[in-house]
Amino acid sequence: MLKYFFKFSLILILSSLILFTLHLGFLVFIESPLWGHYILPSYLFNLLTALFFYTALAYASIKEETQMGWFFLLFSGLKFLLFFALVYPLFNADGVLQRQEFITFFVPYVSCLFIVIRHLIKFLNPSS
């Protein structure tokens, strides 16, 4: 299990750094403020929750493999609750959720989700 976790962590962190750099490069290209719209908290939130939930799901799969679907739904719900408790108030402080704020959160969310799902599949079914 440790082997899968380290490989997953390395891939997640490197891909998040690459995506973060590309995102900053795009912001430079469109002449938008680099550190506006809470880009760093968005990436950190998604990176940390992905690391935590992958670890929890991998551990849960050892104990209750038949319940993995329910655990995944539970952790997805917890991630949404954490988002609405911690990150959404930052975005909604001015009363308006701008498109750039949405993209700033959604891009790392989708990339982390894709990586988590892909590595959970590999972890649960090593032959794939």
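Biologist: Which residues do ring pairs link into a cluster?

Modeller: This is a predicted model, in which local features need pLDDT of at least 70 and side-chain atom pairs pLDDT 80 or more, while totals for chains, interfaces and linings use all residues. Residues are numbered from 1 along each chain as its sequence is written, and side-chain values use heavy atoms, without hydrogens and water. Rings of Phe, Tyr and Trp (its six-membered ring) pair if their centres lie within 6.5 Å; planes under 30 degrees apart count as stacked, over 60 as edge-to-face and the rest as tilted. The cluster linked by such pairs consists of Phe 45, Phe 80, Phe 83, Phe 84, Tyr 88, Phe 102, Phe 105, Phe 106 and Tyr 109.

Biologist: How many aromatic pairs does the structure hold, and what is the pair of Phe 8 and Tyr 54?

Modeller: The structure holds 14 aromatic pairs. The ring centres of Phe 8 and Tyr 54 are 3.9 Å apart and their planes lie at 20°, so this pair is stacked.

Biologist: What kind of pair do Phe 83 and Phe 84 form?

Modeller: Their ring centres are 5.0 Å apart. Their planes stand at 70°, so the pair is edge-to-face.

Biologist: Is Phe 83 buried or exposed?

Modeller: Buried means under 20% relative accessible area, exposed over 50%, and partly exposed in between (1.4 Å probe, protein chains only). Phe 83 has 11% relative accessibility, and therefore counts as buried.
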